[in-house]
Amino acid sequence: MIYSAELDQHVEEMRRVNAQLANLPPAPWRTVEDVQRLRVLLASPDSPFAATMGQPVLPVAETTIPGPAGPIPARVIRPDRVEAVYLDIHGGAWMIGSARMDDRENDELARTCGVVTVSIDYRLTPEHTLGDAMDDCEAAALWVIERAQAEFGTDRLLIGGGSAGAHLAAMTLLRLRDRHGAARRFLAANLVFGCFDLSGTPSTRIRGARSFTLGREVFESVLEHVLDRRPLNEIRDPSISPLFAELSGLPPALFTVGLLDPLLDDTLFMSSRWQVAGNEAELALYPESEHGFTGLPTAMARAATRRQQDFVRSRLAAAAAVGQTAQ
């Protein structure tokens with residue numbers, strides 16, 4: 001599916017919600033202090049984002065995973081029936097956010113699809129480097145590969161993330177392929193409104209000026225605090241921007257994005273290159289939907305969530321049909 005006409009019934013609601021959100025004052029991103037204040041705001045129970053995060057139904061176990069610079073905090077949500085393990089990588093422009101903010105979506109995924117979700121708190125910029133974040137995600141993926149059977153009773157694995165998390169998930173798969181020959185130990189990737197070209201696609205320039213969730217100040221902050229104002233040719237290196245990588249040998253992926261998202265082109269380009277490289281790719285587009293729309297309490301968000309859950313179930317069913325665990 002690329003675009004379903006059934007989504008048209010949710011367009012007016014999205015327009016009303018977008019109009020309300022557009023009237024909110026923009027969050028400051030310019031300085032390191034701005035970024036740190038945003039982290040505190042996101043973590044606060046009084047945060048305007050707290051209601052959209054919601055509370056999980058299943059218990060959440062806090063644990064750690066061995067990492068290259070010490071233990072990596074992780075949150076594990078385990079259903080009664082375990083079909084697979086889902087490694088979740090949170091978003092937040094590589095600077096903010098936490099594993100906790102994905103609790104609601106991970107809880108629903110665990111309950112509806114029978115997967116254990118493992119969500120990690122990788123090291124954030126600017127206190128750490130983008131490379132540090134990628135190292136933590138790689139370490140977590142290797143831990144899941146090595147320990148899933150013993151810890152959770154299955155070696156069927158999936159990976160996913162939103163925004164910066166989708167970028168890190170894609171980079172993790174590329175590292176697993178190139179360094180460990182293990183990308184296809186993961187049965188599928190769920191990549192939600194990801195940033196795959198950190199140098200900026202056309203839609204980031206066109207839509208970024210009008211976006212109330214991902215405006216130009218956010219991109220400027222990423223350039224300053226994540227990329228250290230590197231020249232474009234360095235940012236387009238495949239070790240930073242996966243859109244420029246050779247993409248063969250990767251698992252099936254679902255790419256999700258809203259048509260108002262400044263990162264629209266990132267998903268359009270990456271899903272096409274993913275498929276042309278010989279991998280399976282599904283593309284799901286959502287009208288009148290901005291960056292981060294899946295976190296809103298709207299019918300459009302619920303439709304996108306159901307589509308992702310259907311994708312997970314379909315990949316697990318396909319694996320079960322051939323008696324597959326991992327390649």
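Glu108, Leu109, Thr112 and Cys113 in helix H4 touch Thr305, Gln309, Val312, Arg313 and Leu316 in helix H11. The residues of this contact divide into 4 nonpolar, 3 polar and 2 charged. The model is predicted.

**Helix H4 with helix H11**

- H4 covers residues 103-113, and H11 covers residues 299-321.
- The two helices pack at an angle of about 45°, and their axes are 10 Å apart.
- That angle makes H4 oblique to H11.
- The crossing of H4 past H11 is right-handed.

**Helix H5 with helix H6**

- H5 runs over residues 130-152, and H6 runs over residues 164-180.
- Their packing angle is about 65°, with the axes 9 Å apart.
- An angle of 65 to 115 degrees counts as roughly perpendicular, and H5 and H6 are therefore roughly perpendicular to each other.
- H5 passes H6 in a right-handed crossing.
- On the H5 side, the contact is made by Leu130, Gly131, Ala133, Met134, Asp135, Cys137, Glu138, Ala141, Leu142 and Ile145.
- On the H6 side, the contact is made by His167, Leu168, Met171, Thr172, Arg175, Leu176, Arg179 and His180.
- By type, the residues of the contact of H5 with H6 divide into 10 nonpolar, 4 polar and 4 charged.

**The nonpolar core**

- In soluble globular proteins, nonpolar side chains tend to be buried together.
- The largest nonpolar core in this model has 95 residues.
- Leu87, Trp94, Val115, Val118, Ile120, Phe186 and Leu191 have the most contacts inside this core.
- H5 gives the most to the core, with 12 residues.
- Val118 shows what such contacts look like in detail. Leaving aside neighbours within four places in sequence, Val118 is in contact with Ile65, Ala74, Arg75, Val76, Val85, Tyr86, Leu87, Asp88 and Phe152.
- One of these partners, Leu87, is also listed with Val118 among the core residues with the most contacts.

- Thr125 and Pro126 are joined by a cis peptide bond.
- Omega of this bond is about 5°.
- Pro126 sits in the loop between strand E4 (115-120) and H5.

**Two loop residues with positive phi**

- Ser163 is not a glycine, yet its phi is positive, near 60°.
- Ser163 lies in the loop between strand E5 (157-162) and H6.
- Buried means under 20% relative accessible area, so Ser163, at 13%, is buried.
- Phe193 is also a residue other than glycine with a positive phi, near 30°.
- Phe193 is placed in the loop between strand E6 (186-192) and helix H7 (202-207).
- With 6% relative accessibility, Phe193 counts as buried.

**Gly54, a partly exposed loop residue**

- Gly54 is found in the loop between helix H3 (50-53) and strand E1 (60-65).
- Its relative accessibility is 25%, so Gly54 counts as partly exposed.
- Gly54 and Ala209 are 155 residues apart along the chain.
- The C-alpha atoms of Gly54 and Ala209 are separated by 30 Å.

Key. Residues are numbered from 1 along each chain as its sequence is written. This is a predicted model: local features need pLDDT of at least 70, side-chain atom pairs count only at pLDDT 80 or more; totals for chains, interfaces and linings use all residues. Side-chain values use heavy atoms; hydrogens and water are left out. Axes are lines fitted to C-alpha atoms, for helices over the stretch in contact, and angles run from 0 to 180 degrees between N-to-C directions. Helices (H or I, at least four residues) and strands (E, at least two) are DSSP runs, numbered from the N terminus. Angles under 35 degrees count as roughly parallel, over 145 as roughly antiparallel, 65 to 115 as roughly perpendicular and the rest as oblique. A crossing is left-handed if the near helix is turned anticlockwise from the far one by less than a right angle, and right-handed if clockwise. Contact means heavy atoms within 4.5 Å. Ala, Val, Leu, Ile, Met, Phe, Trp, Tyr, Cys and Pro count as nonpolar, Asp, Glu, Lys and Arg as charged, and the others, Gly among them, as polar. A nonpolar core is a set of buried Ala, Val, Leu, Ile, Met, Phe, Trp, Tyr and Cys residues joined through side-chain atoms within 4.5 Å. Buried means under 20% relative accessible area, exposed over 50%, partly exposed in between (1.4 Å probe, protein chains only).
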